Amino acid sequence: MVNVEKTSQSILKKFSPSELKDYEKRKIVFWYDRDKTAWDQEKQAPGEELEEIIQVLEEQAIKFHILDNNYFETKKLLEIKDPESNYLIYCPDKERVHEANWLFDIQLYSSRFENSRISDIKSEFEIDGHELDEFFTKYEKFFGNQKERVQPLKKLYQKDWREKEFILGMMAIFSKTQAPDFKQIVRDTMLKSLDEVENPIWENISKFGLEENFWELAEEDFGFSAKNPTLKKLFLSFLTTHMTRYSGVSLSGYDQYVNRKENECQIFLKHWMDSSRDSRRFEKYTRDILEENGQDLEKNLQSALDKRDVKTYLEAEAVETFDKALIVHILKSLNSPVDSTEEDFKNYLSWIDTRRTKHWFSEYENIYNALEHAVKLFQFAQEHYDNPKAADALDNIPSLYELFKAYAKTYYQIDYLYRKFYYYYDKEQEKDILKKSLRPQVEDLYTNKLLGRLLLKWSSLIDSKLDGQWKIELAESQKDFYKHHVNKILQKDDRNRVAVIISDALRYEAAAELFETINKDTWGIPELSYMAGVLPSYTKLGMASLLPHNALEYRGREIFVDGISSEGLENRNKILQSKYKDSLAFNYEDFMRYSREEARELIKGKRVLYIYHNKIDSTGDKQSSENSVFSAVEETILDVKKLVKHLSDTLNTTNIIITADHGFLYRRDDMENADKVDTSLFDKSRIIDTTKRFILSDQELSPENSLDNIHSFGMHYILGQDHTPLFAYVPKADLRFKLQGGGLNFVHGGASPQEIVIPVLTYNHRRNEKAIEKKGIKHGKVNVSVINDRRKITSSKFKVKIFQTEKVTDKMKPRTIKVSLWDIDGGQEKMVSDEKIIIANNESDEPEERQYNILLTLGNNLENKIYHLRLIDEDPAEIKDIALIPFELDLLIGDFDDF
């Protein structure tokens, strides 16, 4: 059925004089009515509507001719018999292919009328000509739904589209991809499922006959070819292509899945892996494929990697097997650390550092971090204990003060590295790989070698130098803290406020990490020093000694400061205010609950603030939670940093001092009975206070009374000569008293450096970066620059050399950057290579050690012109582009991997 009026008008328009070209004296119009909309098939003659149209044409002197297998006759009519009349040539069939169409030459200078679904489709997209007729005929079904398919496709459509672009557009509609980009279409399709039966996108691709097109494009874009292609095989091909490229491993039975266009495969895979939205699905598919067929692929790959040098697969990242192989390699090497050289340790740390920028690092981050600190512990042992010169230096330290200083400068690192190892070990859920060999090695190294030798030397110096008097000559004492630090600030002027943060059991090594954290994350200038803690090194005495005082006094187990009990916040306020009336003490939790306005009002006019924080000691002192003490240390560092920033930024406090009442000893493994000191010599009724690490008593035991494993000290050093004589007894080294109750792993009260080297971390706030600049202090993030000799790219894989212009320091922070090549011409920015990540975190003074080399891979089909190397800071708070550097692409044919 045709609309006579509408059709007649459309045909007559074709014969309008305005439609005549310069070379035309008459008009010939062809109408191929393949759907026979105007043809009476029973009579095999024009239908009634067509007869009416013919009559309208005759009135306008337009002749009508039927083309029905009479091509020669028609050609003779138009070119010989009647070369002047206007003709509508009607054919009740589809147009023949050009080779079989005798009228094709005439059609080239004639016009076309269409009254079919194809003409409607072409009209929708404002397409002239007939180049796409066959395509629209083939995929007519797709264009049958305006709302769901045609209208969305029109939003993507560009006037220069041909068949390929339409196919990509149609697929993009099914996959709901924002642009007709095949790589993104593939990813969006795969995100639904690798099983075609369960994939609604693939169901539509198949339903509308686009499967063959999909696989043709997969071969064209990725070089993928398979007898019976599936989405799973395509995904597997991306993995195997990456494995082969970045490790050189060729796996038997999987060679068929190595795609020809490895550059395109790498770019596709890298963008998917790095997508915050889609990476989880990538990981699931990867694991599913590795687990198939009894983990055949993973076992083959693992077996191959076991035989290869780590450096050959260090850049591979598509599957987590590479991370597992690297971790196992380092663990095996550490089974006999004495065989590892300094160069080996440096390599292990460099490999771990390299993996930080790889996809699966976050999955194994705790294991990597535990490994890193274990390696550094072995490295420390080799440098400071196994090295004969360094070992002699420890053995020959002449005084307690020299060893005290050496601990604060160097040996504290054994406690730091041990703590960080266990912190990450405890965080890791799947810790069996560390539990089997590494954890026992770390425990043995720390307890029996590093800590053991240090404490034996320390105890021997106490025995030979102190003679029962607790005083480390030349070292500042904790009992003088207020006089040396708080009073000093108060005497400068009558305005400056000082805040003292006392974190219970914040030992020196943790304060050293806190120092680094504050240094990097604040405007102020921190300084870390130390003082000798009081003995016994426990909370009551440590807290009392940090308060201003003339005299300390024991009344039973309670300690009084100048006649006032030192227990409780109310009493400590009285003590502080008796020395300086504008003083105030808080508990950390209470102080942080105040609003900004409330806090400002509370401290208005106050010049001395004491803020008490207790997380480490409260966690470690309970047997049920003592093994969580290292997590408590991490939380404490964050808490105190938060408090420092709050005091300085919000409450205008420029002078802050962070210290502790005491430190602590901790070991993970249970104590042997030989590590416990018998207490039978002590009269229990005369003991005033005690823990596993000290006994405070009025009983004086002579050295003859089997005190081989105990140091004894008179308490008059802090209580004065007028006080009732009291004596402190502490086990030597890291031994514990054999007493009931409490835990044995976390202890304090003794005289080890871990317990009595008390941190004094001062922080002087600078309100902004200009104040720092005035002092000539560089600050911010380290800068980077590209140092390639040439700015020309002549290969599809090209090296970029990046230089970290200054070393990481206290105030110059590391910078993480993403590097890739971009096409920024024509207003539309497009990444044309894969993207690599660099962590510029080198602390070396040597410029050559601050260079980074990366290899970028170009996509295919790039024209030779100027592109831009883009360096982007990963921190969203920073300016996006660190550098945008033009590079000329000058590739010869054959440089791309698709030739």
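Me: Which residue does D288 form a salt bridge with?
Reply: D288 pairs with K284, and their closest N and O atoms are 2.8 Å apart. A salt bridge here is a side-chain nitrogen of Lys or Arg within 4 Å of a carboxyl oxygen of Asp or Glu. This is a predicted model, where local features need pLDDT of at least 70 and side-chain atom pairs count only at pLDDT 80 or more, while totals for chains, interfaces and linings use all residues. Residues are numbered from 1 along each chain as its sequence is written, and side-chain values use heavy atoms, with hydrogens and water left out.

Me: Where do D288 and K284 sit relative to each other?
Reply: D288 and K284 are 4 residues apart in helix α14 (residues 279-306), which puts about one helical turn between them. Helices are DSSP runs of H or I with at least four residues, strands are runs of E with at least two, and both are numbered from the N terminus.

Me: How accessible is D288?
Reply: D288 is partly exposed at 33% relative accessible area, and K284 is partly exposed too, at 45%. Buried means under 20% relative accessible area, exposed means over 50%, and partly exposed is in between (1.4 Å probe, protein chains only).

Me: What does R287 meet in a salt bridge?
Reply: The R287 side chain meets E363, at 3.1 Å from N to O. That pair links distant parts of the chain, 76 residues apart: R287 is in helix α14 and E363 is in the loop between α16 (342-355) and α17 (365-386). R287 has 26% relative accessibility, so it counts as partly exposed, and E363 is partly exposed at 36%.

Me: What about E372, which residue is its partner?
Reply: E372 bridges to R356, with the closest N and O atoms 2.5 Å apart. E372 lies in helix α17 and R356 in the loop between α16 and α17, so the pair ties together parts 16 residues apart in sequence. E372 is buried at 15% relative accessibility, whereas R356 is partly exposed at 24%.

Me: How many salt bridges are there by this rule?
Reply: The count comes to 69. There's also a network of salt bridges linking R419, K420, R507, E509, E513 and E634.

Me: Switching topic: is T189 buried or exposed?
Reply: T189 counts as buried, at 0% relative accessibility. T189 is in helix α9 (residues 182-192). Leaving out residues up to four places away in sequence, T189 touches S175, N199, I201, W202, I205 and L231, where contact means heavy atoms within 4.5 Å.

Me: How many residues of helix α22 are buried?
Reply: 7 of the 10 residues of α22 (residues 481-490) are buried, so that helix is largely enclosed by the rest of the structure. Among them are F481, Y482 and H485.

Me: OK, zooming out. How many helices and strands does the chain have?
Reply: The chain has 32 helices and 34 strands. Its radius of gyration is 41 Å, well over the 29 Å that the globule rule gives for 899 residues, so the chain is more spread out than a compact globule. That radius is taken over C-alpha atoms, and the rule is 2.2 Å times the number of residues to the power 0.38. The C-alpha trace spans about 140 × 65 × 55 Å along its principal axes.

Me: What share of the 899 residues counts as buried?
Reply: The buried share is 54%.
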